[in-house]
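Subject: Handover of a structure and findings

Dear colleague,

Please find below the structure that I am handing over to you. My findings follow directly after it.

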Amino acid sequence: YIEITKSINLNNQKISPIGLGDTTKNLIEGEWANFKSVFKGTLNGNGNIITGININEPEVCGVGLIGVLDTVGIIENLTIYDGQIIGKTCVGGIVGVNGGTIRNCTNKVTIIAQDNVDEANSGNVAGGIVGWHEKGFVENCTNYGSIITKNDSLLDSRGKMAGGSVG
């Protein structure tokens with residue numbers, strides 16, 4: 001159980017997500033459960049704000065403040081503001097790949113699914129709250145951030161599936 005007791009300013013210093021996804025996998029339904037690192041706990045933001053987020057993982061599938069949230073995981077009562085989160089695919093503000101419960105969260109950062117010429121399906125699937133919603137719940141969440149799926153290589157399999165709250 002993680003409880004945030006006051007707002008945090010990360011000053012745009014690069015951080016790694018909790019429960020970071022995987023560089024060797026492109027998401028296939030159900031495959032997220034096989035990722036090396038998933039968050040299985042509870043993160044309660046208590047209505048606080050995390051500002052100045054800088055996550056840059058352009059080779060990773062499953063990137064967000066929480067990269068991959070397991071079916072028993074809960075993220076609640078949190079706002080992220082001012083910054084950007086970059087991943088290869090399945091990129092979200094709060095959670096990259098969701099299998100758990102996300103409630104009462106707000107995103108106000110820029111989300112980017114970055115195209116990589118050498119990676120099939122890169123630059124796909126991004127959302128303000130959740131990049132890829134496999135199962136679980138997203139309740140009472142709001143996105144105000146920009147969502148970008150890039151297709152720099154101009155291939156048909158790139159730059160798809162962007163959603164305001166869920167990619």
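In this predicted model, the sulfur of C61 has its closest cysteine sulfur in C90, at 3.7 Å, which is too far for a bond. A disulfide requires two cysteine sulfur atoms within 2.5 Å, and the structure holds zero disulfides. C105 is likewise in no disulfide, since the sulfur nearest to its own, that of C141, is 4.8 Å away. For background, a disulfide is a covalent bond that links the sulfur atoms of two cysteines.

G62 is part of strand β3, which covers residues 42-63. With a relative accessible area of 0%, G62 counts as buried. Which residues does G62 touch, if those up to four places away in sequence are not counted? They are L20, G21, G67, V68, T89, C90, G96 and V97. G62 and G19 are 43 residues apart in sequence, while their C-alpha atoms lie 8.8 Å apart in space.

N44 also belongs to strand β3. Its relative accessibility of 9% makes N44 buried, because the limit for that class is under 20%. The side chain of N44 reaches the backbone nitrogen of N46 at a distance of 2.8 Å. Apart from neighbours within four places in sequence, N44 is in contact with Y1, I2, E3, I4, E76 and N77.

I turn next to strand β7, residues 101-113, and its pairings. Strand β5 (residues 74-92) runs parallel to β7 and is joined to it by 11 bridges; in this pairing, I74 stands opposite T101. Strand β10 (residues 137-139) is also parallel to β7, with three bridges between them. There, T101 has F137 as its bridge partner.

The bridge partner of A113 in β12 is T149. In general, the strands of a sheet pair through backbone hydrogen bonds, in either a parallel or an antiparallel manner.

Finally, there is an open sheet of three strands, in the order β4-β6-β9, with parallel pairing. Which strands stand at the edges of this sheet? They are β4 (66-69) and β9 (130-133); each has a single partner strand, so one side of each is left without a neighbour in the sheet. From one strand to the next, the twist averages 10°. Within this sheet, β4 pairs with strand β6 (residues 95-98) in the parallel sense over three bridges, and I66 has V95 as its bridge partner in β6.

Yours sincerely

Note on methods:
Residues are numbered from 1 along each chain as its sequence is written. This is a predicted model: local features need pLDDT of at least 70, side-chain atom pairs count only at pLDDT 80 or more; totals for chains, interfaces and linings use all residues. Side-chain values use heavy atoms; hydrogens and water are left out. Helices (H or I, at least four residues) and strands (E, at least two) are DSSP runs, numbered from the N terminus. Buried means under 20% relative accessible area, exposed over 50%, partly exposed in between (1.4 Å probe, protein chains only). Contact means heavy atoms within 4.5 Å. Two strands pair if DSSP finds at least two bridges between them. Axes are lines fitted to C-alpha atoms, for helices over the stretch in contact, and angles run from 0 to 180 degrees between N-to-C directions. A polar contact is a pair of N or O atoms within 3.5 Å; within protein, one must be able to donate a hydrogen and the other to accept it, and residues adjacent in sequence count only if both atoms are side-chain atoms.
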